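Student: I would like to learn how to read a structure, feature by feature. Can we go through one together?
Tutor: Gladly; here it is.

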Amino acid sequence: MDNHSPAIFVGDTLGLDFLNSVATPVDVPIDWIDDGEGLLRWLEQAGLVPHETLDAMRERALPGELDKVADQARNLREWFRAFVNSHKGKPLTSDALSDLEPLNRLLERDEGFGRIVARPSGGEGLGFQPMRKWRSPESLLLPIGEALGRFVCTEDFSDVKACEGHACTLLFVDHTRGHRRRWCSMAMCGNRAKQAAHRHRLKQS
């Protein structure tokens, strides 16, 4: 697995999936947003930016411009990781608002608008579709900021957990009944933990 493999989406919320865009799924850390092209691939896989918008950004961007935006995205990611790590495991209160000022400053730059469109798939009637003006490569950060804002305002931070897998850095929101989820996924850390426990039992017998 490398940074050209599909990114990992196990957080049950895009806010945490953004933090999980750098992870150690096996033994070696992988950063899916290691450069500008990596950022474009991750945004497309996350469904945050239309494919045609990403293609237009590739064509219009100056040399190195997308790499600079990717650097900003990584800085945003690590700032938000510190925020989540300091607040996870307990309800988020209004006291955290001042800590979120950098995110609010990003959201203030958004140029969102709505448009009336025909309903998809040939449905009858009209629908209201949120849109955004993509004026520069830096505008690619705006849907990420929106995802982080929605995460902060809609999820219970009491349910934000870190995977218990050895050396795993992935975070998730535990939406399971009883809130007993321990692993980023059974396919990765869950099965490895089961195998390790089985080997341990064999040694003890």
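Student: Where is the place of Thr24?
Tutor: Thr24 sits in the loop between strand 1 (22–23) and strand 2 (30–31). Helices (H or I, at least four residues) and strands (E, at least two) are DSSP runs, numbered from the N terminus. This is a predicted model: local features need pLDDT of at least 70, side-chain atom pairs count only at pLDDT 80 or more, and totals for chains, interfaces and linings use all residues. Residues are numbered from 1 along each chain as its sequence is written, and side-chain values use heavy atoms, with hydrogens and water left out.

Student: Does Thr24 count as buried or exposed?
Tutor: Buried means under 20% relative accessible area, exposed over 50%, partly exposed in between (1.4 Å probe, protein chains only). Thr24 has 13% relative accessibility, so it counts as buried.

Student: Which residues is Thr24 in contact with, leaving aside its neighbours within four places in sequence?
Tutor: Contact means heavy atoms within 4.5 Å. Thr24 is in contact with Pro29, Ala167, Cys168 and Thr169, its neighbours within four places in sequence left aside.

Student: How many helices and strands does the chain have?
Tutor: There are 7 helices and 6 strands. Along the sequence their pattern is α-β-β-α-α-α-α-β-β-α-β-β-α. Of the 205 residues in the chain, 41% are buried.

Student: How are two packed helices described?
Tutor: By the angle between their axes and the distance between the axes. Axes are lines fitted to C-alpha atoms, for helices over the stretch in contact, and angles run from 0 to 180 degrees between N-to-C directions. Take helix 2 (residues 36–46) and helix 4 (residues 65–87): their axes come within 7 Å and cross at roughly 65 degrees. Helix 2 brings Gly36, Leu39 and Leu40 to the contact, and helix 4 brings Leu66, Asp67, Val69, Ala70 and Ala73.

Student: What is a disulfide?
Tutor: A covalent bond between the sulfur atoms of two cysteines. The test here is a pair of cysteine sulfur atoms within 2.5 Å. A search of the whole structure finds 0 disulfides. Cys184 is in none, and its nearest cysteine sulfur, that of Cys189, is 3.7 Å away. Cys184 is buried, at 3% relative accessible area.

Student: How is a pair of aromatic rings described?
Tutor: By the distance of the centres and the angle of the planes. Rings of Phe, Tyr and Trp (its six-membered ring) pair if their centres lie within 6.5 Å; planes under 30 degrees apart count as stacked, over 60 as edge-to-face and the rest as tilted. The whole structure has 8 aromatic pairs. One of them joins Phe9 and Trp42: the centres are 5.9 Å apart and the planes are at 25 degrees, so the pair is stacked. Phe9 lies in the segment before helix 1 (14–19) and Trp42 in helix 2, so the pair ties together parts that are 33 residues apart in sequence. Phe9 is partly exposed, at 32% relative accessible area, whereas Trp42 is buried, at 2%.

Student: What about Phe80 and Phe151?
Tutor: That aromatic pair is edge-to-face, with 6.0 Å centre to centre and 75 degrees between the planes. Phe80 lies in helix 4 and Phe151 in helix 6 (residues 141–154), so the pair ties together parts that are 71 residues apart in sequence. Phe80 is buried, at 0% relative accessible area. Ring pairs link Trp79, Phe80, Phe83, Phe151 and Phe157 into a cluster.
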